[in-house]
Structures are given as structure tokens and as C-alpha cells.
2 protein chains.
Amino acid sequence: MEYAVRGAIVTRAGELEAQLKKDPASLPFDKIVMCNIGNPQSVGQKPITFYRQVLALTDYPQLMDAPEAGKLFPSDVISTAKHILGNMKGGTGAYSESKGVAALRQMVADGIEARDGGHKCDIEDLWLTDGASVACHHIMKTLIRDGNDAVMVPIPQYPLYSASLALYGGTLVPYYLDEDKEWGLDVADLKVQLDKARAAGKEVRALCVINPGNPTGNALNVDNQKEIVQFCKDEGVLLIADEVYQENVYAEGRSFTSFKKVVRDMGLDIPLVSMQSTSKGFYGECGRRGGYMEVCGLDPDVKAELYKLASVGLCPNLSGQVLMGLVMSPPKPGDPSYELYAAERDAILSSLKRRALKLVSGLNALEGVTCNEAQGAMYAFPKVSLPEKFVAEATASGKMAPDALYCMKLLEATGIVVVPGSGFGQVEGTWHFRTTFLPSEEDIGGVVEKLAKFHAEFMDTYR
Amino acid sequence: MEYAVRGAIVTRAGELEAQLKKDPASLPFDKIVMCNIGNPQSVGQKPITFYRQVLALTDYPQLMDAPEAGKLFPSDVISTAKHILGNMKGGTGAYSESKGVAALRQMVADGIEARDGGHKCDIEDLWLTDGASVACHHIMKTLIRDGNDAVMVPIPQYPLYSASLALYGGTLVPYYLDEDKEWGLDVADLKVQLDKARAAGKEVRALCVINPGNPTGNALNVDNQKEIVQFCKDEGVLLIADEVYQENVYAEGRSFTSFKKVVRDMGLDIPLVSMQSTSKGFYGECGRRGGYMEVCGLDPDVKAELYKLASVGLCPNLSGQVLMGLVMSPPKPGDPSYELYAAERDAILSSLKRRALKLVSGLNALEGVTCNEAQGAMYAFPKVSLPEKFVAEATASGKMAPDALYCMKLLEATGIVVVPGSGFGQVEGTWHFRTTFLPSEEDIGGVVEKLAKFHAEFMDTYR
């Protein structure tokens with residue numbers, strides 16, 4: 001099991017950061033810039049005020065009784081906190097039901113229905129979790145009996161999928177996203193890979209789709225989603241939709257449509273798991289570890305197993321539960337908090353869009369580097385044509401994959417931390433890295449500049 | 001995998017609660033009393049003010065800038081929140097290091113050193129976790145390669161151990177706590193069970209000890225702990241110390257001593273994992289899902305595996321991390337918050353002690369019921385001599401173990417929810433149940449009374 005987003009390069013970054021503190025002049029840069037992980041608040045993004053105000057009141061409800069409360073908190077913050085606390089025994093200090101507080105699941109369900117044009121969401125299908133990672137673990141654990149059970153995973157993929165499959169002893173069946181077609185998903189290739197796995201005796205139980213894509217940053221269009229749904233129906237495989245970037249779509253003419261909506265619009269009821277998180281979107285509340293999965297069309301026995309798994313952990317953290325409810329049921333136009341909420345949201349999203357454009361155009365200006373548009377998510381995943389001489393040198397040393405060595409050199413020269421493509425999987429003989437576009441608007445220009453300078457020198461050395 | 005504390009009886013309790021809401025007159029009781037789980041705030045215990053004040057400020061730091069802040073929060077609350085926020089990039093909204101924020105681990109380490117008479121605690125040995133359950137899962141996953149790997153677990157045990165062993169495919173080697181000796185741990189029996197397992201070809205990798213005990217409520221004395229440590233050293237097994245009830249010791253003349261202190265006082269450095277949680281103690285902050293494990297004397301390769309496992313989850317929730325730091329480094333005498341903190345702490349602990357006494361003496365007054373003193377933790381685990389006629393009837397019906405059926409009847413008659421001994425394991429042919437003594441002082445008398453009335457009628461029916 002490997003986990004590239006927290007691998008050797010990140011460990012080295014930690015060492016360099018400690019060295020910078022002790023002896024700032026000893027390195028050719030003055031700070032470490034973490035572009036390895038979608039962690040917006042660690043690089044300066046501010047939390048959405050409404051969420052934090054409600055969290056403060058649910059943590060310390062006496063604040064509501066203080067005479068100053070009305071001055072410190074808008075009335076909808078207070079009423080939301082009261083609604084939440086009034087519907088949970090023991091407040092945020094008590095274990096909730098294993099699936100999460102019913103009233104918070106209702107807030108999530110309301111948000112899902114609003115998002116999906118009114119298609120029903122039953123709170124019995126909802127499981128609040130400590131982030132989407134936990135949801136993925138529960139699903140994998142439930143699906144995998146032994147190495148014969150397989151799950152189809154995109155390449156490149158977010159390593160949560162390969163790691164959880166390795167952990168529970170299942171088989172990963174790769175399918176390849178097409179870099180030349182904006183990292184699109186080719187259903188014909190799905191079928192080829194599925195048949196190959198079946199011919200090898202594997203029982204393919206599920207197909208994972210990450211939309212918007214991680215690390216690729218692509219956003220699927222509805223026609224493509226329909227084909228995927230039809231494929232899952234025809235082949236009898238569970239569709240696992242990682243939709244944690246559902247509020248991160250930047251490309252003109254693109255928007256997010258949930259797989260649940262696609263399925264329902266097609267008049268179907270196929271087995272489907274959709275995952276969402278408080279960590280992504282414009283909120284980027286990674287530290288709260290809030291998430292949910294909506295589980296539709298699954299056998300009651302499978303749901304009973306999921307329930308047991310959730311029970312062993314007793315319940316997800318209540319702070320994350322509260323936040324997940326708020327994220328899916330935010331202030332509405334006319335609410336006292338709405339204007340500030342909408343202004344904060346729009347400022348973050350439009351800034352992310354500008355940063356994505358700046359980064360991708362900077363990458364495309366580098367020699368031997370091509371990068372698809374970052375249509376969504378928080379990442380660009382450029383292809384780097386590494387010089388043969390460098391690949392040979394890296395391969396001969398046998399210590400690191402060539403792309404990992406490239407990323408290590410980038411770190412040592414610039415302080416910029418990115419993740420090598422080999423951590424996500426890539427077509428053999430191609431090399432990539434994943435970088436977030438999360439550094440602030442003041443910083444992102446510097447990142448592009450330093451990258452360009454490093455890359456030019458690197459090419460001069462190895463061309 | 002089964003999880004009794006959230007099993008069939010709890011599910012039935014949920015149904016009855018819904019029925020009570022709809023039609024209060026349809027049942028012979030007016031409320032459900034949850035004695036199935038150590039969840040103090042769900043049954044009315046109030047949170048410690050200091051903790052919640054710091055949490056509110058770390059969630060919503062702008063509060064500190066409000067002109068009213070000085071009136072609303074004592075100065076040490078503000079300085080503690082500032083210290084914490086000053087030492088984490090991105091506050092509670094960012095992923096931290098996989099092991100948790102270094103400054104919070106330092107607060108935990110300081111607390112461990114103070115508790116253990118100055119024995120050193122290195123923050124590199126500390127892993128903050130989403131509650132002790134996650135720590136247990138990480139350890140089990142790291143220890144268990146296949147069904148040949150075994151872990152010694154007390155009987156009766158908290159089902160987290162059997163469930164996690166089942167999940168990762170390991171073997172549970174039981175050892176029996178001696179009910180006639182205050183649920184003491186007999187090291188001679190440990191050796192018998194270990195040899196038996198080894199003779200059967202198992203590799204026994206660890207010994208779990210729960211101290212204070214769950215479900216037994218016993219508190220080990222230091223001489224007994226020394227024997228256990230010596231056993232682990234002699235046999236080369238890892239000692240896993242579940243010490244989540246370390247601040248719940250009520251019996252006169254008993255106090256908690258950590259296994260780490262025992263090991264260090266013996267001049268040893270054996271492999272040891274100690275787990276702690278924000279959910280227990282006098283704080284009972286179950287909803288925050290905070291915990292830590294201190295991992296001493298383990299091979300660096302094993303620690304590297306643990307690090308990878310933690311990395312796949314990215315990090316424990318920040319709210320739980322903050323609370324774990326506060327729990328281990330609470331206000332000190334002289335601090336502005338100290339008096340209130342100490343008063344709240346002492347009121348809860350002395351009330352728990354009174355409730356434990358009342359419950360255990362009530363249980364011992366029942367026909368055919370004996371119950372050891374609840375020296376610690378939050379539970380009593382009485383032995384019930386079920387009448388032969390009842391055992392035969394239950395066995396014949398084949399639906400539930402006799403003790404489970406007893407607990408179900410108790411629920412249907414009184415609304416009191418307890419957990420059958422079969423969910424924790426017990427000597428064959430004996431029957432128990434676990435009940436918390438967490439209902440409030442006003443309620444606990446009613447619980448004892450209703451239990452007595454039910455039990456008398458039950459005995460009249462089946463005697």
C-alpha cells in the first residue's frame with residue numbers, strides 16, 4: 001500500500017521546512033509551497049463565516065444566552081444552531097446514531113433534492129462519515145471478500161482507491177482516461193477492461209468514477225455519464241461516484257450533474273453510491289473530516305453490513321456532521337447571512353478559476369509539457385516529456401521513478417511540493433505530476449515562475 | 001462481525017422510542033433509558049466549560065477580536081486558543097500532519113509526563129486519532145497478516161477487539177478475567193492460553209488489557225500490572241493497553257497507574273501501545289471523536305506501516321485533536337479557568353461514584369444476581385443466574401441467547417436498554433449484562449427500582 005500524496009517527497013518537504021526555520025540562508029528558497037494536496041485553508045483560504053459561526057454556537061451553546069449574542073451572530077446563525085441542537089440528544093458531545101444525526105441527514109437530503117431537480121433522497125440512504133475516505137473504506141470492505149473480487153478504477157486515479165483495495169485484499173481493474181480527449185472516459189475501453197478481468201476469473205463488483213476528476217481535473221458531460229450508467233446497468237456492476245468536487249467546476253459551458261440525477265432522469269434505479277465531503281468545494285473544510293455517502297438500490301443485506309461497519313466506529317465526529325449538514329443546506333437568498341455567504345463563495349470560486357487558468361497556461365508554456373484545461377476539482381495534471389538521458393539516469397539509480405525524481409529535484413530547487421504521476425498511475429512511458437492551483441493569487445504567479453525557471457534549467461541539463 | 005453495544009436490542013429500543021412519540025400510552029413506560037453505551041452527554045451530563053470555550057474560539061477565531069470577547073471568555077481560554085491556532089497552519093479547517101498537529105501532540109505529551117511521574121514522552125511516539133476505536137483498528141491491521149496471527153483478548157471484552165480482529169482476519173485468543181476475584185487478571189491463566197494457542201500453531205503477537213475494565217469495571221493494582229508487563233517481556237508479545245477509563249476510578253484505595261509508568265518504573269522498554277480517548281473520563285466528549293495512541297518500543301518498519309495507514313485517512317478531525325490536547329493539558333491551579341474546571345470535574349466524578357454504588361447495591365439485592373464493585377470505568381457487569389426453565393425456553397426458540405432474551409424482555413417491560421453478556425463473552429453457562437451507571441442522579445434510583453420490579457416478576461414467572 002502506498003499513498004503518494006503523503007509520500008517520500010512530502011516527508012522531504014517537512015525536513016526542508018525544519019531546515020529553513022533553523023538556517024534560512026541554507027536553501028535556495030525562502031518557503032515550502034505545498035501543492036501536493038487539496039488543502040485550501042493550509043495555504044491561506046479563509047473559512048466561510050456562516051459555517052464557523054454555527055459551529056461555534058453548537059460547540060458552546062451558552063454563547064447564545066449571552067446578552068451580546070445578537071450583536072455577534074446573525075439571527076439565522078442562531079436559529080440554525082438551535083434547530084440542530086434541538087434535534088440531537090446531548091449536543092455535539094454525544095455519540096450520535098451510527099449513520100449520523102437524523103436531522104443533519106435531513107439537511108443533507110434537502111440539499112441533494114435541490115441539487116438534483118427534486119429527485120427524492122431518503123435519509124435512510126444517507127450515511128454521514130468522517131470524510132469521504134471513510135465512506136470509501138466502508139464500501140470497499142463491504143464489496144471485497146477476497147482477491148477474486150475486483151473494482152474498476154480510473155488511471156490516473158486518486159490513490160485512496162488503490163490503497164483501500166490493497167488494504168482489503170481486492171483486485172484493481174484499471175481503465176484508462178484519454179488524455180488526448182480532455183481526460184474523457186471511453187466506455188468502449190471500460191468494456192474491454194471488464195471483459196479482460198472477467199476472462200481472468202475476476203468478479204468485477206463495482207466501477208469507480210471520479211467526477212470532477214482527481215488528479216485530472218476534468219468534468220464529465222451528461223451524455224458521457226449516461227453511457228456510464230447504461231454500462232453499469234448492462235453489466236450489473238455497482239457505480240461508485242466520487243463527487244467530492246461537485247462544487248468545483250470552472251470551465252465555460254461545463255457544470256456538475258450528479259450521477260443520481262442522471263440515473264433518475266433515465267428512469268432507472270441502479271445500485272449507486274455517491275460520496276461527498278466538507279473538505280473540497282469552495283468551503284475546503286478539510287480539518288473537520290465531514291462527509292457523506294448516499295447509497296441507493298443496494299440489497300438490504302449489504303446495507304446491514306455497512307451499518308455494522310459504521311457501528312464499530314460508533315459514529316462520525318459531530319462537528320463534521322454539523323458542517324456536512326450546513327454545506328448541503330446553506331443560507332438562502334433573503335436570509336440575514338446570505339449576502340456574506342454568497343460573496344465569500346463567489347470570491348473563492350472566481351479566484352480558483354483565475355488561478356487554474358494562470359497555472360495551466362504557465363505549464364503549457366514549458367518545453368515538452370502539455371496540460372489539459374483544469375475544468376474542475378483543484379488540480380492540474382501536466383504531461384512532461386522527460387529527456388531520455390534523465391529517464392535512463394533515474395532508472396539506472398533504481399531509487400525512484402523518473403517522475404518522482406523530477407518532483408524531488410523541483411522541491412530541492414524551488415520548495416514547491418507536487419506529486420509524481422506514478423502515485424496516481426499513468427500510461428506506461430508517459431510522465432506527469434499533479435499540482436494544486438490553491439496557492440493564493442499573490443503566490444500562484446511565483447509558483448509558475450519558479451517552475452518555469454527550474455524546468456528550463458532541468459531541460460538544459462538533460463536535453 | 002457483531003457489535004453488541006449497537007445490536008438488535010438497541011435497534012428495538014429505537015423502534016420503541018418512535019412508538020412512544022406517536023402513542024405514549026401504548027407502552028408500560030414513558031421513556032427509553034439508554035444504559036447500553038458509555039455516552040454521558042446523551043443522558044444529561046454537561047460538557048466542561050473550558051473545553052467548549054476553547055473549541056468555540058478555535059472554530060471561529062474572529063470572536064477573539066470582538067470587543068465583547070474579554071467579557072465572554074476568561075483570559076486563559078483566549079491564550080490557549082491563540083497558542084493552538086498559532087501552531088497550526090490553516091487552523092481547524094486544514095488537514096494536519098497524518099499523526100496530528102505537533103503542538104497538540106506536545107500538549108498530550110506534557111500531560112502524559114505529568115501523569116507518569118516525569119517519564120519522558122516523545123511526540124514522535126504519539127498519534128492523534130478519531131477516537132480510540134481508530135487507534136485499535138490501525139494497530140490490529142498492522143499486526144494481522146493472516147489467520148495465523150493472534151491477539152490475546154480478555155473475556156469479557158469490549159467488542160471493538162473481537163470486531164477488529166474479525167475484520168482483519170486475525171485470531172482471538174481468549175483469556176478469562178476471574179469474576180470471583182474482582183474480575184482480576186490471573187497471569188498463570190495468560191500463560192496457559194498462550195501456550196495452548198502456540199501449540200495450535202498460532203503466532204501470538206499481542207496482549208490486550210483493558211484497564212480500568214470494560215465491561216467489568218475493575219481497576220488493576222500495580223503488582224498485577226507488573227506481572228503482566230513481565231509476562232509480555234518474557235513472551236515477546238506487544239502489550240496493548242486500553243486506558244480510556246484512566247480518569248474513571250471510584251473505589252476507595254484504588255487509583256490509575258498507566259502501563260507506561262509501570263514499564264518505566266521497572267526500568268524496561270518493552271513494546272507498548274497505550275490508547276486514550278476524549279469520550280470517557282469525567283469529560284465524556286464522545287461526539288468529538290478525539291483520541292491518541294502512544295506507541296513505544298516498536299520497530300521503525302512497524303511505525304512506517306502505521307504512518308501509511310494514518311496517511312490514507314489524511315488526518316484525524318481537528319476538533320477532536322484540539323480537545324485531546326486540552327484533556328491532557330487542562331487548566332492548572334491559579335489559571336483563571338481552574339476553579340470552574342475543577343468544580344465541574346469533581347462534581348461529575350463524585351456523582352458517578354454515588355451512582356455506581358447505588359446501582360451495584362441495587363443489583364446485589366436482586367434474587368440470583370451478584371455484581372462486583374464498579375471500581376472504575378462507567379459500567380457494572382452483574383451475573384444473573386437465569387432459571388433453567390427460561391434458559392431451556394430461550395434455547396429451544398433458537399432466536400436469541402438466553403441473556404439477550406432477558407435483556408429484550410427488560411427493555412419491553414421497562415424501557416431500560418442494557419447489553420447482554422454474550423456480546424462481551426463470558427464463562428460458558430454463566431449469564432450477565434452490562435449496564436452503565438450514567439443516568440442522572442434523579443434517574444438512577446428509578447432505573448434500580450424498575451429493574452428490581454421487572455426481575456422479581458421475571459423470577460416469579462420462570463423460577
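Contact, for this talk, means heavy atoms within 4.5 Å. With that in hand, look at B:Ser329. Setting aside neighbours within four places in sequence, B:Ser329 is in contact with B:Met107, B:Asp110 and B:Gly111. B:Gly111 sits 218 residues away from B:Ser329 in sequence, yet their C-alpha atoms are 5.3 Å apart in space. B:Ser329 itself is in the loop between helix H12 (318-328) and helix H13 (338-364) of chain B. Is B:Ser329 buried or exposed? Buried, because its relative accessibility is 18%, and buried means under 20% relative accessible area, exposed means over 50%, and partly exposed is in between, with a 1.4 Å probe and protein chains only.

Some housekeeping, then. This is a predicted model, where local features need pLDDT of at least 70, side-chain atom pairs count only at pLDDT 80 or more, and totals for chains, interfaces and linings use all residues. Residues are numbered from 1 along each chain as its sequence is written, chains are lettered from A and ligands numbered from 1 in the order in which they are written, and side-chain values use heavy atoms, with hydrogens and water left out.

Okay, the two chains. On the A side, 63 residues touch 63 residues of chain B. The size of an interface is often given as the accessible area lost when the parts come together. Here chains A and B bury about 5,200 Å² between them, with 55% of it on carbon and sulfur atoms; that is accessible area (1.4 Å probe) that two parts lose on being put together, summed over both.

We get six salt bridges between chain A and chain B, a salt bridge being a side-chain nitrogen of Lys or Arg within 4 Å of a carboxyl oxygen of Asp or Glu. B:Lys71 and A:Glu68 make a salt bridge, at 3.6 Å from N to O. There are also 28 residue pairs in polar contact across the interface of chain A and chain B, both residues at pLDDT 80 or more. A polar contact is a pair of N or O atoms within 3.5 Å; within protein, one must be able to donate a hydrogen and the other to accept it, and residues adjacent in sequence count only if both atoms are side-chain atoms. Several helices of chain A each give at least two residues to this side, among them H6 (132-143) and H11 (300-312). The largest share comes from H2(A), with seven residues. By class, chain A's side has 26 nonpolar, 22 polar and 15 charged residues.

Moving inside chain A. Chain A divides into domain 1 (4-45 + 342-462) and domain 2 (91-328), with bounds from an automatic or database domain assignment. Their centres, taken over C-alpha atoms, are 28 Å apart. The contact uses 31 residues from domain 1 of chain A and 33 from domain 2 of chain A. Those two domains bury about 2,600 Å² between them, 53% of it on carbon and sulfur atoms. On the domain 1 side, A:Asn372, A:Gln375 and A:Phe424 lose the most area to domain 2 of chain A, together 25% of what that side buries.

A:Glu235 is in helix H9 (residues 222-235) and A:Arg198 in helix H8 (residues 187-199) of chain A, so the pair ties together parts 37 residues apart in sequence. A:Glu235 counts as buried at 17% relative accessibility, whereas A:Arg198 is partly exposed at 33%.

Terms used:
Helices (H or I, at least four residues) and strands (E, at least two) are DSSP runs, numbered from the N terminus. Ala, Val, Leu, Ile, Met, Phe, Trp, Tyr, Cys and Pro count as nonpolar, Asp, Glu, Lys and Arg as charged, and the others, Gly among them, as polar.
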